[in-house]
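Subject: Structure for your review

Dear colleague,

Please find below the structure that I would like you to look through. My notes on it follow directly after.

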Amino acid sequence: MEFIYDISGTLLSTCRDVLPIIILITVFQLLVLRQPFPQLHRLIIGVVYVIIGLALFLAGLEKALFPLGKIMASQLSDPVFVYGTTEIITQVDWTAYGWVYLFAAMIGFATTIAEPSLIAVAFKAGEVSAGTISQWGLRITVALGVAFGISLGTFRIITGTPLFIYILAGYLIVIIQTIFAPKSIIALAYDSGGVTTSTVTVPLVATLGLGLAATVPGRNPALDGFGLIAFASLFPIITVMGYAQFMQWSIHRKTKSKEKNNAL
Amino acid sequence: MIIFIILKKIRSAFTDLLPIILVISFFQIVVLKQPLPQMGEVLFGALLVVVGLSLFIQGLEMGLFPIGEAMAHALARKGSVFWLLLFAFALGFSTTVAEPALIAVAAEAAEIAGQGGLIESTPASLKEYAFGLRMSVAFSVGLAILIGVMRIIRGWPVHYLIIGGYVVVMLMTIIAPKEIIGIAYDAGGVTTSTITVPLVAALGVGLASTIRGRSPLVDGFGLIAFASLLPMIFVMGYGLIVFK
């Protein structure tokens, strides 16, 4: 009973999300373009699928995965688990947090693979590039970037180093890569930064960040708890461009060695 | 035949979800050495997630992608830059202003600013601060999609705009009050919701494939990148004005 209540709540808030888009599209279609909708029937079914699908997806996450993930994040960052004693810790030892780094990386990777926005963009990219960019290739590359980014982000919270140094260094790498990366991948790489952090990743990652900032001695949740999401959107840009650069380089090398063989 | 298609969708949704299940079980059983609590509820939730994800993706292919592209084609054929830009701005603004994640983040940011003594800690001033934050983020997302569409029409290279944006972010980080920086950086991530992204992607790709001389791959993407970059600048700017 309570559960049906939960689902209808999620369904309602999903409808509220979709409502402005439906109004906007209807107004433009009828008043500006003055055309009937093409394939209206199919369109309505599609939108209904999207709303119900997203509501079930969110309700399921809320029911099954978020509570577990959140409990885990707080248990793993608990000083009793980390240091193995109940004494009050005053000195932070960043090497003691091995499991936290591993958890951050793995949960970052896993949630990114399940992120619906990324699935949508990977689908479009695969379609537009006529298959040269594989959906799974893109998703795994982005997920690896998120894994590394969130892991580094937890390291930052534990050591208490300022956020902007990491972000500025990351930007610098992105700028340098942009100069050398193949032009066709650049826009897609920038986009993959923005899509990684929505429905699935944000709730789990934010709990991990705020939990760490609350339990690590000397950290302030207001100052140190934020910023993990920024890491998660920066590093996929680097890995996607890096992957494209690597592919370009290996193709280049292959053709070169072929030329050599031909010359012989 | 239809059952076969449905099964295929569900199988691929299950594959998408498998990593999360593996990670959580591994940490629960091997590292924390605890049994999974409420096994039945967890399994039922996971089932909902799989069914939900399959439906969502089916709906994308049937509804959101086609309408996004059809709108892009129709507006491009109409040849009116004004309506196209207005549509772009309205799409960004309207989907962001009511975004639950943004409302939550803005309220939290107001709380923190109130505790830090940066603004008066009265409910009215907290509310005003949160509202201002939401408006500046929503306006910046609208503007971002508008600039992105402008870029597709004109064919400007995406990297000049993005790198220019990064430079502004870096400069503003130096002068902005440090309490707003973490929130500003995160604001970029929360703006692009699961329903906005497919529509915006379809709009960009649709426009780039309609306008002559544009390539869908090179020019069609990049809108989401603008939508995550501009809010950072606007939130830091908002912090500069409000905190003084």
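In this predicted model, helix α4 (residues 98–113) and helix α6 (residues 135–159) of chain A pack with their axes 7 Å apart and at an angle of about 150 degrees. Axes here are lines fitted to C-alpha atoms, for helices over the stretch in contact, and angles run from 0 to 180 degrees between N-to-C directions. Helices are DSSP runs of H or I with at least four residues, strands are runs of E with at least two, and both are numbered from the N terminus. The two helices α4(A) and α6(A) are therefore roughly antiparallel to each other. For such labels, angles under 35 degrees count as roughly parallel, over 145 as roughly antiparallel, 65 to 115 as roughly perpendicular and the rest as oblique.

The crossing of α4(A) with α6(A) is right-handed; this word applies if the near helix is turned clockwise from the far one by less than a right angle, and left-handed applies if it is turned anticlockwise. Among the residues that make the contact are A:A104, A:G108 and A:F109 of α4(A), and A:A143, A:A147 and A:I150 of α6(A). Two residues are in contact if their C-beta atoms, placed from the backbone, lie within 7 Å. By class, this contact of α4(A) with α6(A) has 14 nonpolar, 5 polar and 1 charged residues. Ala, Val, Leu, Ile, Met, Phe, Trp, Tyr, Cys and Pro count as nonpolar, Asp, Glu, Lys and Arg as charged, and the others, Gly among them, as polar.

Regarding the numbering, residues count from 1 along each chain as its sequence is written, while chains are lettered from A and ligands numbered from 1 in the order in which they are written. As the model is predicted, local features need pLDDT of at least 70 and side-chain atom pairs count only at pLDDT 80 or more, whereas totals for chains, interfaces and linings use all residues.

Chain A as a whole has 11 helices and 0 strands. Its C-alpha atoms fill a box of roughly 75 × 70 × 30 Å along the principal axes. Of the 264 residues in chain A, 49% are buried (20 or more other C-beta atoms within 10 Å; exposed means 12 or fewer, and partly exposed lies in between). A:P36, in the loop between α1 (2–32) and α2 (40–77) of chain A, is exposed, with 8 other C-beta atoms within 10 Å.

Chain A is divided into domain 1 (1–77) and domain 2 (92–263), with bounds from an automatic or database domain assignment. The C-alpha centres of these two domains of chain A lie 26 Å apart. Contact between them involves 10 residues of domain 1 and 13 residues of domain 2.

Finally, the two chains meet through 81 residues from chain A and 80 residues from chain B. On the chain B side, helix α2 (residues 39–78) gives the largest share, 25 residues. That side of chain B divides into 56 nonpolar, 20 polar and 4 charged residues.

Yours sincerely
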